[in-house]
Every structure is written in structure tokens, then in C-alpha cells.
Amino acid sequence: RSLTLSLLFKFYLTVSEILEKKEGIDISIPDSHRSGQYQFHSLKPESSQYFTIVPDSQDKSDLVGRPIVHKSAYKQATGEAIYCDDIPKYENEYYLSLKLSTKAHAKIISIDPSEALAVEGVVAFYSAKDIPEGFNHFGPLIPDEEIFASKKVTSQGQCIGAIVAVDQLTAQKACKLVKVEYEDLQPIIITIEDAIKHKSFFNEKPKIIRNGDPEKVFLSAKHILEGEARMGGQEHFYLETQTSLVVPKNEDDEMEVFASTQNPTEVQHQVAHLLNIPINRVICRVKR
């Protein structure tokens, strides 16, 4: 809609200027708006790349210090790189949209997907009750996280369920119609100070990495600096939105998974665990 209105406004400005110049018709348009009809010109982008010059005497097979181009650099820069969203749509393909928690710490009283299921194009709604007991937990090291929250949520954005529909827009719209009733729980722990105040600790003993005798070194140190450092949450800078394409095969419950992940083996293990099938029945493909 915004694109259509922008093009219409540009057309209006162009026609108005022609009428003013050729027909002498006075059209009151603020000067600040008139530039909207012209093509936007920006400065030519410039960039620099610095790298070490490798001496001619260095063996050609010695790659240390050489400016080697990333294998996918040209494909990514030109748009030729294929991501999950670029894979052609499969016949009878469905789209899955996740219903996420809007509460940080709350008990799940009820989940009502009836209004969402009534939407044309919606195929199904899945939640924790649809996963067999013992298969709703996952985790790379300790399987202590639920795929779908069953009784309570412990963070905003936690997965509660999923809508399956014939296309992305239908699934996302229907997902908003799934009604979740919560009961707020206390305390809500946001900071380290909150955790200390409410004695919220991990049960495991703290891991200590020690080399030498730190106490002795401090006693002999000329200067000792003390202070406190805080760092906010860190997140990767993704080249694509995290997504996946799953293709069920017609033989032996095999699944082919195209995923934007840095750990295809872990994806293979988790999918096999959830579906209760041997790991060799799951093929995980990662383009980049």
C-alpha cells in the first residue's frame, strides 16, 4: 500500500510540474515536496580493504597471510546464493507459524485455538499435549528446555504452540487468533541482583578454572584493579532469517531438513529424538 501511494504521489508531482510549465496552472505544492518526483542521487559508495602483502619468496602452497576470498563471497554479494526462502515451493507444502508467549513468567491456564482453526486454509494446531510424554524436551547439552511450553512459560517469546496452514500469511494471521490464558507468577527475575535476592541459583556447583596460585600472585602484585563489568545480551548477525524446510519422504519415515543452522548434527539428533526415529533416517542440509 505504501509503495502504491508513493508512486501515485510521484506521478501527481510530475504531472503538476508539467501543467505549471506548459499550461500556466498554479498548483500550490510546498517546495519541500517537489523533490519527490526526481530520482534520488546518493554519493558513490567507497570502501577499502587492507591486507598483508605476501612476499614473492613465500611458497604458493603456503596460505598463511594470504588474502583468500571466502568461497561464498561472490555468490552472496551478487544475490546468487541460495537460502531456504529461495528453494522452490514443494507440492502440498504447508507453512508453520509459532505461537509465542507474551508473558515473562506465568502459568498457562488454557490454550484455545478454536478461532484460529476456523480460518480458511488452516490445517492444524499443535501444542505440548500433541507430543508423546518424554519427547517434549530438548537441549544441546542438558535436555531441560521444552519444545512447547506445557505448564508455564519462563520467558517472553517462548514457544507455546504452532499453527500449520497452506501459506505463510494465513498461518501468521491465524496464530494471532490462538488465545492463551495466563496466571502471572512471582518473582520475575531479570537481573543478577534479583536472582541473589530470591536465592535463584543453579543446583550445580560453580565451575572454577584455576591455573597456578591466584591468591599468592595477588599478594605479590604491584597493582590490583578492582571493579565491575556488565554486558548486555549478545546475538549473532544473521545472513538470513532463521528458518527451515522439512520434506517428509515416503520411505522408512525419512525426513530431509534444510536448515539455517551452524550445527546440522544437533538438528539431526533433535529431530530424530522428537519423532522417535533412528538418527540415520534424518538428513540435514545446510547450504551456508
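**Reading strands and domain contacts**

Trainee: Which residue of S7 stands opposite Ser97?

Mentor: Ser97 stands opposite Ile163 in S7, where strands (E, at least two residues) and helices (H or I, at least four) are DSSP runs numbered from the N terminus. The model is predicted, with local features requiring pLDDT of at least 70 and side-chain atom pairs counting only at pLDDT 80 or more, while totals for chains, interfaces and linings use all residues. Residues are numbered from 1 along each chain as its sequence is written, and side-chain values use heavy atoms, with hydrogens and water left out.

Trainee: In what sense, parallel or antiparallel, do S1 and S7 pair, and over how many bridges?

Mentor: Strands of a sheet pair through backbone hydrogen bonds, in either a parallel or an antiparallel way. Here S1 and strand S7, residues 159-165, pair in the antiparallel sense over six bridges, pairing being assigned if DSSP finds at least two bridges between two strands.

Trainee: What is the strand order of the open sheet?

Mentor: The open sheet has three strands in the order S1-S7-S3, with antiparallel pairing. Strand S1 (95-100) and strand S3 (122-127) stand at the edges, each with a single partner strand, so one side of each has no neighbour in the sheet. On average, neighbouring strands of this sheet are turned by 20 degrees against each other, direction ignored; axes are lines fitted to C-alpha atoms, for helices over the stretch in contact, and angles run from 0 to 180 degrees between N-to-C directions.

Trainee: Which helix lies across S1, S3 and S7?

Mentor: Helix H5, residues 168-175, lies across these three strands and runs at about 20 degrees to S1.

Trainee: How many residues of domain 2 are in contact with domain 3?

Mentor: An automatic or database assignment supplies the bounds, giving domain 1 (1-37), domain 2 (91-209) and domain 3 (235-287). Nine residues of domain 2 are in contact (heavy atoms within 4.5 Å) with six residues of domain 3, and the C-alpha centres of domain 2 and domain 3 lie 20 Å apart.

Trainee: How much area do domain 2 and domain 3 bury between them?

Mentor: Interface size is often given as the accessible area lost when the parts come together, here with a 1.4 Å probe and summed over both parts. Domain 2 and domain 3 bury about 570 Å² between them, 61% of it on carbon and sulfur atoms.

Trainee: Where does Pro187 lie, and which residue does a cis peptide bond join to Pro187?

Mentor: Gln186 is joined to Pro187 by a cis peptide bond with omega about 0 degrees, and Pro187 lies in the loop between strand S8 (179-184) and helix H6 (192-197).

Notes:
Buried area = accessible area lost by both parts, 1.4 Å probe.
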